Amino acid sequence: MSVWVDACATDDIEQEDLIRFDHEGRTFAIYHSPDGEFFATDGLCTHENVHLEDGLVMDHIIECPKHNGQFDYRTGEAKRAPVCINLKTWPVKVEGGRVWIEV
């Protein structure tokens, strides 16, 4: 059964940036796109389980801080080696200035 969880305020994340959100033993990354939309993925790189929170966000790409692998955070698609396994993405909604993810 999935449930919507209040992750953060929309003002907590600058455009083209992300924040880490931990919930029930799982780490998520919440992104604020240059288009003003919000997205959520698993917060750990699929290559070596490194936290993505210190990664570089450019346009719609998150770059892992360890080996520079890249993902499209909108779809989770692995875009540059060494990553080859896609990130899991999570549904997001914005209500009342808050970002909610469905987990």
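**Reading rings and strands**

Student: Is F28 buried or exposed?

Tutor: F28 is buried, with a relative accessible area of 2%. Buried means under 20% relative accessible area, exposed over 50% and partly exposed in between, with a 1.4 Å probe and protein chains only. The model is predicted: local features need pLDDT of at least 70 and side-chain atom pairs pLDDT 80 or more, while totals for chains, interfaces and linings use all residues. Residues are numbered from 1 along each chain as its sequence is written, and side-chain values use heavy atoms, leaving out hydrogens and water.

Student: What share of the 103 residues in the protein is buried?

Tutor: Buried residues account for 43% of the 103 residues. The C-alpha trace spans about 40 × 30 × 20 Å along its principal axes.

Student: How many helices and strands does the secondary structure of the protein contain?

Tutor: Helices (H or I, at least four residues) and strands (E, at least two) are DSSP runs, numbered from the N terminus. In this protein there are zero helices and 11 strands. From the N terminus, the elements therefore read β-β-β-β-β-β-β-β-β-β-β.

Student: How many aromatic pairs does a search of the whole structure find?

Tutor: A pair of aromatic rings is described by the distance of the centres and the angle of the planes. Rings of Phe, Tyr and Trp (its six-membered ring) pair if their centres lie within 6.5 Å; planes under 30 degrees apart are stacked, over 60 edge-to-face and the rest tilted. The search finds four such pairs in the whole structure. One of them joins F28 and W90 edge-to-face, at 5.3 Å centre to centre and with 80° between the planes. F28 belongs to strand β3 (residues 26-32) and W90 to strand β9 (residues 89-90), so the pair ties together parts that are 62 residues apart in sequence. Y31 and Y73 form a stacked pair, because their ring centres are 4.4 Å apart and their planes are at 0°. Y31 lies in strand β3 and Y73 in the loop between β7 (70-72) and β8 (78-80), so parts 42 residues apart in sequence are tied together here.

Student: Which residues form one aromatic cluster, and is W90 buried or exposed?

Tutor: F21, F28 and W90 form one aromatic cluster. W90 is buried, with a relative accessible area of 14%.

Student: Why is β3 largely enclosed by the rest of the structure?

Tutor: Six of the seven residues of β3 are buried, so the rest of the structure largely encloses this strand.

Student: In which sense do β2 and β3 pair, and over how many bridges?

Tutor: Two strands pair if DSSP finds at least two bridges between them. Strand β2 (residues 17-23) pairs with β3 in the antiparallel sense over seven bridges. In β3, Y31 is the bridge partner of L18. The two strands make a hairpin with two residues between them, and E24 in the turn has a positive phi of about 50°.

Student: How many bridges join β3 to β4?

Tutor: Five bridges join β3 to strand β4 (residues 38-42), and the two run antiparallel. H32 stands opposite F38 in β4. Here too there is a hairpin: five residues lie between β3 and β4, and G36 in the turn has a positive phi of about 90°.
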